[in-house]
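Please examine the sequence and the structure, then work through each solution in order.

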Amino acid sequence: MYNAKAYSVASATSPFVSTTIGRRDPTEHDVQIEILFCGICHSDLHTARNEWSATMATTYPCVPGHEIVGRVTKVGSAVTQFKPGDLGAVGCLVDSDGTCPACQANLEQFCPNATFTYNSPDKHLGGVTYGGYADSIVVNERFVLRVPSNLDLAGTAPLLCAGITTYSPLRHWGVTKGKKVGVVGLGGLGHMGVKFAHALGAHTVAFTTSASKKEDALRLGADEVVLSRNADEMQKHAGSFDFILDAVAAEHDINAYINLLRIEGNLTVVGAPEKPHAVNAFGLIFGRRSLSGSLIGGIAETQEMLDFCGQHNITSDVEVIPIQKINEAYERLVKSDVKYRFSIDMASLKSA
Ligand SMILES: NC(=O)c1ccc[n+]([C@@H]2O[C@H](COP(=O)([O-])OP(=O)(O)OC[C@H]3O[C@@H](n4cnc5c(N)ncnc54)[C@H](OP(=O)(O)O)[C@@H]3O)[C@@H](O)[C@H]2O)c1
Ligand SMILES: [Zn+2]
Ligand SMILES: [Zn+2]
């Protein structure tokens with residue numbers, strides 16, 4: 001084991017502070033990565049503040065971060081896909097059993113024995129796993145992704161969660177040219193959803209509560225933008241969508257979006273607010289509409305998404321911050337005041 005520099009919270013109400021954590025020395029199948037950039041996902045905030053206590057309580061101290069891009073510094077003797085000096089990326093998953101039906105279907109995110117990048121039982125060291133708000137991480141080679149060489153690294157980090165979480169359901173629900181697709185909430189996930197829906201050729205409509213994001217939404221690839229608090233604007237789209245992706249982090253009325261679906265249209269939620277949604281049965285019954293969820297994506301699909309981004313030159317719009325600004329960044333995230341993802345420049349951790 002060795003010591004890594006990191007930022008952690010000690011409780012749901014504590015600020016982030018500089019700390020050191022133990023990391024395992026790479027075993028034969030492991031890749032050690034010096035972290036260059038780590039995105040700040042709203043799930044990091046939900047976890048740091050124990051907002052998901054009913055489903056997945058947080059173990060403290062907690063080191064979040066699952067949008068990781070870095071440089072390989074060491075590899076175990078059995079590693080074949082990476083060598084020191086390569087770029088490598090890590091998302092929300094760092095291990096799974098590899099044998100269950102989910103793993104065999106390349107859906108490691110649903111493996112009952114999956115290890116998530118943080119706040120998950122650590123099979124090697126005991127305790128829980130620690131995420132990417134750190135100077136390095138050690139991960140089994142099967143869970144390390146290849147980064148296309150043409151992409152900006154600060155903007156690539158958020159692809160590892162915000163990217164795959166929006167790409168996967170858009171692909172699963174057959175979003176393509178000729179479809180009308182909505183994306184709700186222009187945050188880290190939502191702005192990637194708009195970019196992907198546009199790149200897949202769909203007629204893309206962005207729904208936002210922030211008038212200040214209207215111009216951006218068009219630049220990001222939306223064909224139309226709707227201010228979701230304006231009932232008249234919403235009503236114009238009633239019964240017209242093939243697919244809507246809801247990426248909102250806070251409590252809101254999803255029935256307003258179910259009513260915008262055409263017959264057999266689908267609303268997929270990826271946003272995970274603290275409180276449950278209230279769903280009006282009639283919205284689903286009239287029109288045989290469906291409501292679904294989606295969780296990140298498997299490793300093969302995450303690589304497919306990164307390669308797609310390489311081909312289409314897609315990255316996240318980021319505001320790069322030093323780690324010392326993390327508490328301020330969290331306060332801004334709660335207020336939807338980020339365009340559109342914070343990406344931590346981990347070089348700043350050297351002086352922490
Ligand atoms: N399913 C998965 O696998 C998965 C993966 C990652 C994250 N998540 C979850 O997805 C959610 C979004 O994550 P994120 O990182 O994209 O968060 P984010 O950057 O904070 O974006 C959320 C957006 O939701 C909108 N919003 C916020 N409060 C709202 C309210 N009260 N009513 C309506 N809209 C509101 C805002 O967009 P506007 O300003 O445009 O309205 C905001 O920018 C979080 O709950 C996160 O935990 C799920
Ligand atoms: Zn995330
Ligand atoms: Zn499995």
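**Exercise 1. Identify which helices each supply at least two residues of the shell around ligand 1, and which gives the most.**

Step 1. Helices α1 (42–48) and α5 (188–199) each supply at least two residues of that shell; helices (H or I, at least four residues) and strands (E, at least two) are DSSP runs, numbered from the N terminus.
Step 2. Of the elements, α1 gives the most, with 3 residues.
Step 3. The model is predicted: local features need pLDDT of at least 70, side-chain atom pairs count only at pLDDT 80 or more, and totals for chains, interfaces and linings use all residues. Residues are numbered from 1 along each chain as its sequence is written, chains are lettered from A and ligands numbered from 1 in the order in which they are written, and side-chain values use heavy atoms, with hydrogens and water left out.

**Exercise 2. Describe the surroundings of ligand 1 and state how much of the ligand the protein buries.**

Step 1. The shell holds 31 residues (a heavy atom within 4 Å of the ligand), and H42, T208, T209, S210 and R341 are the closest.
Step 2. By class, the shell has 14 nonpolar, 14 polar and 3 charged residues; Ala, Val, Leu, Ile, Met, Phe, Trp, Tyr, Cys and Pro count as nonpolar, Asp, Glu, Lys and Arg as charged, and the others, Gly among them, as polar.
Step 3. Polar side-chain atoms of T208 lie 2.5 Å from an oxygen atom of ligand 1, while for R341 the distance to a ligand oxygen atom is 2.6 Å.
Step 4. The protein buries 91% of the 920 Å² that ligand 1 exposes when taken alone (Shrake-Rupley method, 1.4 Å probe).

**Exercise 3. Characterise the largest cavity by volume and lining.**

Step 1. On a 1 Å grid over the protein atoms alone, a cavity is a set of points where a 1.4 Å probe fits but cannot get out, and lining residues have an atom within 4 Å of a point.
Step 2. The volume of the largest cavity is about 230 Å³, taken as the space filled by probe spheres set on the points, which are joined across faces, edges and corners.
Step 3. Its lining has 18 residues, with R24, V94, D122, T129 and V138 nearest the centre.
Step 4. Strand β8 gives the most to this lining, with 4 residues.

**Exercise 4. State which classes of residue line the second largest cavity.**

Step 1. This cavity has a volume of about 70 Å³, and its lining includes C92, L145 and I164.
Step 2. The lining divides into 7 nonpolar, 3 polar and no charged residues.

Definitions and conventions. 1 Å grid on protein atoms, 1.4 Å probe; cavity = no way out; pocket = protein on both sides within 12 Å on 5 of 7 lines; lining within 4 Å. Polar contact = N/O pair within 3.5 Å; in protein donor to acceptor, adjacent residues only side chain to side chain.
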